[in-house]
Amino acid sequence: MPTETFEFQVEARQLLQLMIHSVYSNKDVFLRELVSNASDALDKLRLAALRDETPGVDVSDLHIELEIDRDARTLTVRDNGIGMSYDEVGQLIGTIANSGTAEFLRELKEAQDGAGAEGLIGQFGVGFYSAFMVADEVTLLTRRAGEKQGTRWSSRGEGTYTLEAVDDAPQGTSVVLHLKPADPENQLHDYTSVWKIKEIVKRYSDFITWPVRLVGEQGEDGTAAEPETLNSMKALWARSRDEVSEDEYHELYKHISHDWRDPLETIQLQAEGTFEYQALLFVPGHAPHDLFTQNYRHGLQLYVKRVFIMDDCEALLPSYLRFVKGVVDAQDLSLNVSREILQQDRHIRMMQRRLTKKVLSSVKSMMTGAPERYATFWREFGAVLKEGLVTDSDNRDALLAVSSFASTHQGDDGDGGGTVTLREYVERMRDGQEAIYYITGESRESIDNSPHMEAFRERGIEVLLLTDPVDEVWTDAVGEFEGKPLRSVAKGEIDLGASEDGPSEDEREKQAEEYAGLLEWMREQLDEDIKEVRLSSRLTVSPACVVADANDLTPALENMYRAMGQEVPRTKRILELNPGHVLVKGLNEAYREREDRSGLVETTELLYSLAVLAEGGRPKDPARFVRLVANRLERVL
């Protein structure tokens with residue numbers, strides 16, 4: 001086949017330009033990325049051979065080679081792994097199929113410091129392109145194991161690349177980098193330097209399972225020296241904690257997660273007995289941008305007796321811990337295990353239970369022993385962890401113990417910006433308070449301004465402020481804590497007792513009689529949207545608010561179910577009026593004095609729409625609402 005020239009897709013061209021113009025301060029990361037790719041290729045070939053998917057392929061000496069040519073100023077990274085076919089090269093190298101590329105480019109522009117930019121390179125699966133940070137031209141030669149024909153790919157990073165079928169390619173993949181001149185001022189080192197290559201491999205790839213060999217060097221007598229293995233190949237998860245430095249753990253995390261920031265927490269576990277396994281888990285310091293997307297790839301790396309089995313074994317941890325990265329090495333699983341078998345395997349279920357408890361206990365220790373790190377953890381992963389309150393009833397108590405929530409409570413320093421646990425809330429409950437009160441909403445600002453909070457704020461009753469979508473669900477699923485029911489301040493009737501400045505019980509009964517006619521008339525006028533109109537014990541400032549019945553779905557939850565494609569019947573709400581508000585008093589007087597109440601219909605409609613707006617909703621007919629408001633303003637002027 002002749003050599004063909006292709007254009008990079010638009011996003012790939014943008015990415016190449018960023019690489020070529022050296023957006024990263026630490027350009028050493030290119031070699032870590034290429035060695036990591038080579039290691040993945042060897043893992044895949046080893047697994048394919050164990051499953052007899054590559055008959056006749058030699059897997060006796062799987063390794064990675066690094067070769068320096070000082071005269072030609074090239075660095076070659078070579079492996080004898082699974083390799084790629086002609087079509088795969090075009091798909092994997094010529095384009096960026098990753099849907100996160102646009103997000104990568106956006107975040108890159110926002111990352112002002114070098115560390116922030118570095119953190120993005122591996123996260124978005126664009127490691128191969130990092131070669132253009134240090135090379136003017138990159139040539140890739142590859143042949144897939146079991147196939148006869150190879151492929152050569154080449155590009156100068158200028159918008160095009162060439163593809164050519166070749167007959168003499170060895171099995172595996174070699175990447176030849178035609179290096180740029182060294183430029184120490186811009187952190188562009190001399191990558192033909194042996195000591196520099198050794199330093200990079202030791203720092204980033206010492207734990208790689210396969211030998212990384214330096215080849216092509218000459219001995220003192222001018223003859224070819226023996227290949228030198230640069231990495232120790234020690235499995236960190238099999239070594240005791242005191243034998244491994246924090247830096248080594250951090251580099252393993254970065255290799256596994258493609259995150260260039262250090263992990264927040266390192267968790268080690270060794271299980272012995274009838275079923276033995278070792279685990280080394282990491283809690284990241286930052287949530288990935290796609291954590292809540294359907295295509296987010298999660299799961300732990302699974303090994304069996306040091307043999308790599310799969311990269312993202314989802315069965316080892318529940319979905320609400322999908323942010324956890326790490327390695328699990330089991331001694332008694334079959335090497336030929338499939339994802340379907342894993343879902344049913346008794347040993348896997350045992351491992352999941354124990355790993356889950358270990359992660360949660362580590363978070364608990366962080367909460368009590370390192371509150372600043374816990375605060376970072378909860379800010380980044382609290383929303384996803386709360387999913388477990390709905391889906392994992394077995395661990396619900398442990399999850400509640402490590403959960404914390406924003407609250408109206410003011411700390412000793414007057415700062416209300418922290419979080420509280422449910423136990424702390426219960427310990428502070430006022431005498432006679434029977435429930436744990438909470439409010440849900442889209443933002444802290446909308447909650448703070450909610451009319452539902454007025455009576456609670458006046459009486460100094462603490463309310464939990466919940467702003468994550470999952471809060472609408474877990475509060476119903478959990479129901480109570482230590483015998484105290486969880487109650488939404490925006491659902492059902494609230495009786496906080498008489499306040500010092502509020503009406504007495506006798507006065508409230510008298511108000512009920514005075515307003516009975518207006519309430520029934522308003523219910524008839526708003527019958528399409530409202531099932532009841534009643535006087536409120538929630539309101540002290542606002543004229544009205546809308547609430548849900550105690551067992552009804554909230555509007556936010558209805559919208560959530562509809563967004564998931566579920567049919568949800570429309571629920572009529574309850575309109576509550578503040579009998580102490582001038583507007584409501586005037587409306588009642590007008591109702592009682594006038595026989596023709598047609599002029600009050602628009603006032604009723606406006607009052608209801610204002611209540612909907614106050615809770616963050618929108619009027620049923622926005623154009624009519626605007627027209628009614630404009631007409632009222634005209635009469636005032």
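User: Glad to have it on screen. How many helices and strands does the protein have?

Analyst: The protein has 21 helices and 23 strands. Please keep in mind that this is a predicted model.

User: How much of the protein is buried?

Analyst: Of the 637 residues, 50% are buried. The accessible surface comes to about 31000 Å², and carbon and sulfur atoms account for 46% of that surface.

User: What share of the contacts between residues at least 6 apart joins residues at least 24 apart in sequence?

Analyst: That share is 70%.

User: Let's turn to single residues. Why is L486 called buried?

Analyst: L486 has a relative accessibility of 11%. Buried means under 20%, so L486 qualifies. The residue lies in strand β20. Leaving out residues up to four places away in sequence, L486 touches I436, Y438, W474, T475, V478, G479 and E480.

User: Now the charged pairs. How do you know that E67 and R78 form a salt bridge?

Analyst: The N to O distance between their side chains is 3.0 Å. The cut-off is 4 Å between a side-chain nitrogen of Lys or Arg and a carboxyl oxygen of Asp or Glu, so the pair of E67 and R78 meets it. E67 is in strand β2 and R78 in strand β3 (residues 74-79), 11 residues apart. With relative accessible areas of 29% for E67 and 26% for R78, each counts as partly exposed.

User: Why can D468 and K386 be said to tie together separate parts of the chain?

Analyst: Their side chains meet in a salt bridge at 2.9 Å, N to O. D468 lies in the loop between β18 (464-466) and α16 (471-478), and K386 in the loop between α10 (371-385) and α11 (388-391), so the bridge ties together parts 82 residues apart in sequence. D468 is partly exposed at 26%, whereas K386 is buried at 4%.

User: What about E528 and K620: are they buried or exposed?

Analyst: Exposed means over 50%. E528 has a relative accessible area of 59%, so E528 is exposed, and K620 has 58%, so K620 is exposed too. The side chains of E528 and K620 meet in a salt bridge of 3.2 Å, N to O. E528 is in the loop between α17 and β21 (530-535) and K620 in the loop between α20 (598-614) and α21 (622-636), so the pair ties together parts 92 residues apart in sequence.

User: How many salt bridges are found in the whole structure?

Analyst: The search finds 39.

User: Which residues form the positive surface patch that includes R353?

Analyst: The patch is formed by R346, R349, R353 and K357. Patch members need over 30% relative accessible area, and R353 has 47%, so R353 passes that test while counting as partly exposed. R353 lies in helix α9, residues 346-369.

User: And which residues gather in the patch of negative charge?

Analyst: Those are D495, E505, D506, E507, E509, E513 and E514. E505, in helix α17 (residues 505-525), is partly exposed at 49%.

Methods
Residues are numbered from 1 along each chain as its sequence is written. This is a predicted model: local features need pLDDT of at least 70, side-chain atom pairs count only at pLDDT 80 or more; totals for chains, interfaces and linings use all residues. Side-chain values use heavy atoms; hydrogens and water are left out. Patches are made of residues with over 30% relative accessible area and no salt bridge: like charges are joined within 9 Å, nonpolar side chains (Val, Leu, Ile, Met, Phe, Trp, Tyr) within 5 Å. Accessible areas come from the Shrake-Rupley method with a 1.4 Å probe; for residues, only the protein chains shown count as cover. Lys and Arg count as positive and Asp and Glu as negative; His and the chain ends are not counted. The place of a charge is taken as NZ of Lys, CZ of Arg, CG of Asp or CD of Glu. Helices (H or I, at least four residues) and strands (E, at least two) are DSSP runs, numbered from the N terminus. Buried means under 20% relative accessible area, exposed over 50%, partly exposed in between (1.4 Å probe, protein chains only). Contact means heavy atoms within 4.5 Å.
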